[in-house]
Amino acid sequence: SENLLEIHNLKTYYPVKGGFFKHTVGDVKAVDNISFEIKRGETLGLVGESGCGKSTAGRTILRLLKPTEGKIIFDGIDITNLSGKSLRGIRKDLQMVFQDPYASLNPMQMVGDIIAEPIYNFTKKSRAELKKEVIDLLEKVGLPEDSYFKYAHEFSGGQRQRIGIARALALRPKFIIADEPVSALDVSVQSQVLNLLKDLQEVFELTFLFIAHDLSVVKHMSDRIGVMYLGNMAEIAEKACLYAEPLHPYTQALISAIPTQDPRQKKERIILKGDVPSPLNPPTGCPFHPRCHMAIEECSKHKPVLKEVKSSHRVACHLY
Ligand code: SF4
Ligand code: MG
């Protein structure tokens, strides 16, 4: 199939415990019924404010979290309920680049060992082969050979993220989830790391899920973009369509907030009312309705479903 990944009606709920006896008092609906697919070689950008469920969605797809409901099909295999050895077997094909490279690198471990460890665990290659492979990976992410014998604290933020990327590539995965990979970095190095990821995508024939809270970062990276709000997918479309003609009022507000130098593109900024509501107690009807500048009566009563309103352009909104 042309899809490397298919997500069907995925839900990830966390129980919330309360009181001395830690009774379950409710569920945080972190991911509340989302569906999408990612084609081979494509980058899908996933955006939304913090707490909208995009990281939880990513972690669930990697099976670091257990889905509450739904299906995850990876490379034709249903991985929703895999465990033990079969899960470990599939893990080498799905890797993650984390937001905070420093927190995800063991400070006591030599950089070369950090990258060699997953290769060793899966292949039991010889010491000489491992070293050759690690040095090749270091070179591919733009780090000098002698980085092998250094420790994470000896590197800058951007270099540490390169180490994290080399580690993610070590097992030659097919699919990488990059969870805000540049948001902890200085603005001056952000575009270098983004360009590196783009180059590596070609060299390693990777498929990406690229998570960001910022529509300007995903614009550079993505072929298609999904916009999440409060655990739901609000809209998903080809990048050009989404920026040229955003359909969901939430997407319209996000796009109106992107600073632009071009005076012809100057549009009225849409200011969102209030804050994102708690996913423990989401609004009735459309989850966006308390903040929506376009809301109609219907919106507080019924939850809109994501539907295709134009070719490859899906939106969850009663206006369409
Ligand atoms: Fe706004 Fe209603 Fe559309 Fe929700 S369904 S985004 S509240 S117009
Ligand atoms: Mg996050």
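# Worked exercises on a predicted model

The shell around ligand 1 is made up of 11 nonpolar residues, three polar ones and no charged ones. Keep in mind that this is a predicted model.

**Exercise 1. Which residues are closest to ligand 1, and how many surround it?**

Step 1: Count the shell: 14 residues surround ligand 1.
Step 2: Pick out the closest, which are Cys286, His289, Cys292, Cys299 and Cys317.

**Exercise 2. In what order do the strands of the eight-strand sheet come, and which stand at the edges?**

Step 1: Read the order across the open sheet: β6-β7-β8-β3-β9-β10-β12-β11, with mixed pairing.
Step 2: Look at the two ends. β6 and β11 (307-310) each have a single partner strand, so one side of each has no neighbour in the sheet.
Step 3: Zoom in on one end. Four bridges join β6 to β7, and these two run parallel; Gln95 stands opposite Ile176 in β7.
Step 4: Check the side chains of β6. Leu94 and Met96 point one way, Gln95 and Val97 the other way, and all are buried.

**Exercise 3. What span should helix α5 have, and how much of the helix is buried?**

Step 1: Take the 13 residues of α5 (residues 157-169). At 1.5 Å a residue they should span 18 Å.
Step 2: Compare with the model: the end C-alpha atoms are 19 Å apart, which agrees.
Step 3: Now for burial, where a residue needs 20 or more other C-beta atoms within 10 Å of its own. In α5, 11 of the 13 residues are buried, so the helix is largely enclosed by the rest of the structure. Among them are Ile163, Gly164, Ile165 and Ala166.
Step 4: Find the cover. It includes β6 (94-97), α3 (111-123), α4 (127-140), β7 (175-179) and α6 (187-203).
Step 5: Place the helix on the sheet: α5 lies across β6 and β7, at about 175° to β6.

**Exercise 4. Are Lys22 and Asp75 exposed or partly exposed?**

Step 1: Locate them. Lys22 is in the loop between β1 and β2, while Asp75 is in the loop between β4 and β5.
Step 2: Check the backbone. Lys22 has a positive phi of about 50° although it is not a glycine, and Asp75 also has a positive phi of about 50° without being a glycine.
Step 3: Count neighbours within 10 Å. Lys22 has 10 other C-beta atoms there, so Lys22 is exposed; Asp75 has 17, so Asp75 counts as partly exposed.

Note on methods:
Residues numbered from 1 in each chain as written. Chains lettered and ligands numbered in written order. Predicted model: local features only at pLDDT ≥ 70, side-chain atom pairs only at ≥ 80, totals over all residues. Expected span 1.5 Å × (residues − 1). Buried ≥ 20, exposed ≤ 12 C-beta atoms within 10 Å, placed from the backbone. Contact = placed C-beta atoms within 7 Å. Near = placed C-beta within 6 Å. Nonpolar A, V, L, I, M, F, W, Y, C, P; charged D, E, K, R; others polar. Pairing = 2+ DSSP bridges. Axes fitted to C-alpha atoms, helices over the stretch in contact; angles between N-to-C directions.
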